[in-house]
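I opened the file to look up the fold, the salt bridges and a few loop residues. My notes follow in the order I took them.

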Amino acid sequence: MKSLLQNQEENVRRSLPMFVKFCAVQSLLGLDGFLFELPGEEFGASPEDLGNGVRRLLKVLSDADPAGVHCMDKSYVSKRGWCFEFDGCTFFVTTFAPCYPDTHSRFNFNSENSFVLLQPEVGNLSM
C-alpha cells in the first residue's frame, strides 16, 4: 500500500502538465496563482507537518523543472533571498493550514486540508 507521502508526490506529478501550461500563460492572461491542496490533517496539523508537505511538493516540482534550474537542490534554499522558480517563473509561496489559528492571515477557515498557493512574482524570466 502506498504511503500518504507517495500519494502526494504522485498527485503533484499528475498536475505537472497543467502547471507548465500555467507558467506559459500566466502573464499573458493575468493569472494570479496556482493552488495545490494537501489533503488531510496529516499535512497541516502542526507547522512541522505542513513544512514537510510543502517541502515535498516543491521538491517534486523542482525535480521536474523544464528549465533545469532545480531550485530545491540549491545550497542556499534555506537562506534569505531564495525563491521558488519553475520553468523560468519565480513564485511567492504561501500556505493555508489547520495549524494556523483563526487570528492568523493563513487561517484556512476550519478546513481539514492545507493549501499551497504559488503566486508569480514578476512573470516569466525568459521574456
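**Overall fold**

I read the elements of the protein chain from the N terminus on, and they run α-β-α-β-β-β. That comes to two helices and four strands. I keep in mind that this is a predicted model.

I checked the overall dimensions next. The radius of gyration of the protein chain is 15 Å, close to the 14 Å that the globule rule gives for 127 residues, so the chain is as compact as a globular protein of that length. Along the principal axes, the C-alpha atoms fill a box of roughly 40 × 35 × 30 Å.

I then looked up burial and contacts. Of the 127 residues, 40% count as buried. The chain exposes about 7,500 Å², and carbon and sulfur atoms supply 55% of that area. Among contacts between residues at least 6 apart in sequence, 59% join residues at least 24 apart.

**Salt bridges**

I started with E9 and R56, whose side chains meet in a salt bridge at 2.5 Å, N to O. E9 lies in helix α1 and R56 in helix α2, so the pair ties together parts that are 47 residues apart in sequence. I noted the ranges: helix α1 covers residues 4–29, and helix α2 covers residues 47–63.

Are E9 and R56 buried or exposed? Both are buried. For R56 the relative accessible area is 17%, and I count R56 as buried because the cut-off is under 20%.

I went on to K59, which forms a salt bridge with D63, the closest N and O atoms being 2.8 Å apart. Both residues lie in helix α2, four residues apart, about one turn of the helix. D63 is partly exposed, with a relative accessible area of 41%.

K59 has another partner, D73, with the closest N and O atoms 2.6 Å apart. This pair links distant parts of the chain, since D73 sits in the loop between α2 and β2 and K59 in helix α2, 14 residues apart. D73 counts as partly exposed at 48% relative accessibility. I therefore logged K59, D63 and D73 as one network, joined by salt bridges that share partners.

**Surface patch**

I looked for nonpolar residues on the surface and found a patch formed by V25, L28, L29 and L31. Together they have about 380 Å² of accessible area. I checked L29 on its own: it lies in helix α1 and is exposed, with a relative accessible area of 60%.

**Loop residues**

Which residues does N108 contact, leaving aside its neighbours within four places in sequence? I listed F96, A97, P98 and N113. N108 lies in the loop between β3 and β4 and is buried, with a relative accessible area of 9%. Its side chain reaches the backbone oxygen of S111 at 2.8 Å.

F109 is in the loop between β3 and β4 (114–124) as well. F109 is exposed, with a relative accessible area of 68%. I noted its positive phi of about 55°, although F109 is not a glycine. Most residues other than glycine have a negative phi.

D87 also has a positive phi, near 50°, and is likewise a residue other than glycine. I placed D87 in the loop between β2 (84–86) and β3 (89–96).

Note on methods. Residues are numbered from 1 along each chain as its sequence is written. This is a predicted model: local features need pLDDT of at least 70, side-chain atom pairs count only at pLDDT 80 or more; totals for chains, interfaces and linings use all residues. Side-chain values use heavy atoms; hydrogens and water are left out. Patches are made of residues with over 30% relative accessible area and no salt bridge: like charges are joined within 9 Å, nonpolar side chains (Val, Leu, Ile, Met, Phe, Trp, Tyr) within 5 Å. Accessible areas come from the Shrake-Rupley method with a 1.4 Å probe; for residues, only the protein chains shown count as cover. A salt bridge is a side-chain nitrogen of Lys or Arg within 4 Å of a carboxyl oxygen of Asp or Glu. Buried means under 20% relative accessible area, exposed over 50%, partly exposed in between (1.4 Å probe, protein chains only). The radius of gyration is taken over C-alpha atoms; the globule rule is 2.2 Å times the number of residues to the power 0.38. Contact means heavy atoms within 4.5 Å. A polar contact is a pair of N or O atoms within 3.5 Å; within protein, one must be able to donate a hydrogen and the other to accept it, and residues adjacent in sequence count only if both atoms are side-chain atoms.
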